[in-house]
Amino acid sequence: MAMPYHQSTLSLIYIISESHYSQKQICIGILIFSIKWYVNNSLLHNKEEFCQNCSHLVITMGSGQHEVQLYGIAVLVIIGVLWNTFNLITTMFQQWKAGGVQTVGLIISTISLGNVFLHLSTFGIVVTMWHGVLCWDDLPMFFCVMLYVWLSSSYLSFWSIAWLSVLYCVKVVNFTSELFAKIKTNISPIINVALAVTFLNSCVMFSPFFSLNYRNESYVTPVTKNTTCVIKTPLFPTWINMNLYVLVFICYLAPLPVMVMVPSSIRLVVHLCKHTLEMRKNKTDVQSADSYLLVCKLTVALVGVYITTLTIISLFYLSKLYGSDISINSLLLGYSFYCIASGVLLTISNKNLREKLWALFCGTKASNASSKSLSGETGAA
């Protein structure tokens, strides 16, 4: 039975498992665990039956290629989680030591926290898809929880980057309007409130995912005509207008953050370019100009990481809608790129994080010259 158009909005939940070959990258350890689990529950009795019931899972045991893929996936997840955990713990300790809440530190903490849960939940969703979760008789609650964490952490991390762009823009750019002048004076409390609202909204907006389940009208898609496994589409309760709800949260995840990031970043770039040219023309305070340019580059790079990740995910989503056999790894790689790149950029842009990382690996503090590059009115130091 053909799936109606409005069901395609949930394709990020179930289309991953529609590919016939993309799951071959599953790690051997997870495969062995899954086989033992199924055998112990009298669901599968040999590897051939496992491949028949999940025919989209094509694995060559002992292949060197698969071992490389296993190590690659493991390394990406470990690097992303550890790097963002380092940023989170270091920043929170700095906030506690300072005895107050600093806006830049609060933003770094929310981005890092979101990245940790985003990376882990993305990997968890991919693994459960490898295990054919949508072929089970009932949709497990832990899968709904992972979807909730995945979307909530994405929302929190994306909007935190947007607020960071706004903070840098308002702090650096000079405004002639009295309204913007007042906003500039109180920008830190305003951003703090915005972050609190963003966190609460991320917790509430995606709560309907806990109610996802199969219903009598759930649409099924056979993996192959000879397989006994059918991929069922989880649906929201009937009281939720799915088209409207999905449209709202997709807008909050993609277009709206871009509409905040891009104008503020462009305004910051234009202002700093003019300011730097004037300073270099007058040959005054060139080192300060270089510091401002570094802030500008880092802000733009952070926005660029978000837009690049959004492009990768959109291409994956659209290719699946049109039946392309793109690998599931593109989804995991896209989020891995985002979590690692944003974490590295945050470390580079913050004096305290740079010094702690330097001390962690080299046992000594960074030089005073390098630690002053982002000091001043940007708040990045």
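1. Leu346 is buried, at 2% relative accessibility. Buried means under 20% relative accessible area, exposed over 50%, and partly exposed in between, with a 1.4 Å probe and protein chains only. Leu346 is found in helix 12. Helices are DSSP runs of H or I with at least four residues, strands are runs of E with at least two, and both are numbered from the N terminus.

2. On the basis of the model: it is predicted, local features need pLDDT of at least 70, side-chain atom pairs count only at pLDDT 80 or more, and totals for chains, interfaces and linings use all residues. Residues are numbered from 1 along each chain as its sequence is written, and side-chain values use heavy atoms, with hydrogens and water left out.

3. Leu346 has contacts beyond its neighbours within four places in sequence: Asn87, Ile108, Ile111, Ser112, Leu164, Leu302 and Leu353. Contact means heavy atoms within 4.5 Å. The C-alpha atoms of Leu346 and Thr299 are separated by 9.5 Å, and the two residues are 47 residues apart along the chain.

4. Leu346 and Thr299 both line the largest cavity, along with Leu164, Tyr168, Leu298, Leu302, Leu345 and Ser349. Helix 6, helix 11 and helix 12 each give two or more residues to this lining. A cavity is a set of points, on a 1 Å grid over the protein atoms alone, where a 1.4 Å probe fits but cannot get out; lining residues have an atom within 4 Å of a point. The largest cavity holds about 50 Å³ of space. The count is two cavities of 30 Å³ or more.

5. The largest nonpolar core has 68 residues, and Phe143, Phe206, Phe209 and Phe249 touch the most other members. Helix 6 supplies the largest share, 19 residues. A second, separate core of eight residues includes Val126, Val127, Trp130 and Leu332. A nonpolar core is a set of buried Ala, Val, Leu, Ile, Met, Phe, Trp, Tyr and Cys residues joined through side-chain atoms within 4.5 Å.

6. Thr128 is found in helix 5. Thr128 is buried because its relative accessible area is 11%. Leaving out residues up to four places away in sequence, Thr128 touches Val133, Phe142, Phe143 and Met146.

7. An unreviewed UniProt entry lists "transmembrane region" for residues including 244-270 and 330-348. Residues 244-270 are 96% helix and 0% strand, with end C-alpha atoms 38 Å apart. Residues 330-348 are 100% helix and 0% strand, with end C-alpha atoms 27 Å apart.

Definitions and conventions
1 Å grid on protein atoms, 1.4 Å probe; cavity = no way out; pocket = protein on both sides within 12 Å on 5 of 7 lines; lining within 4 Å. Points joined across faces, edges and corners; volume = space filled by probe spheres on them. UniProt positions renumbered as here; feature names shortened; annotations may be inferred.
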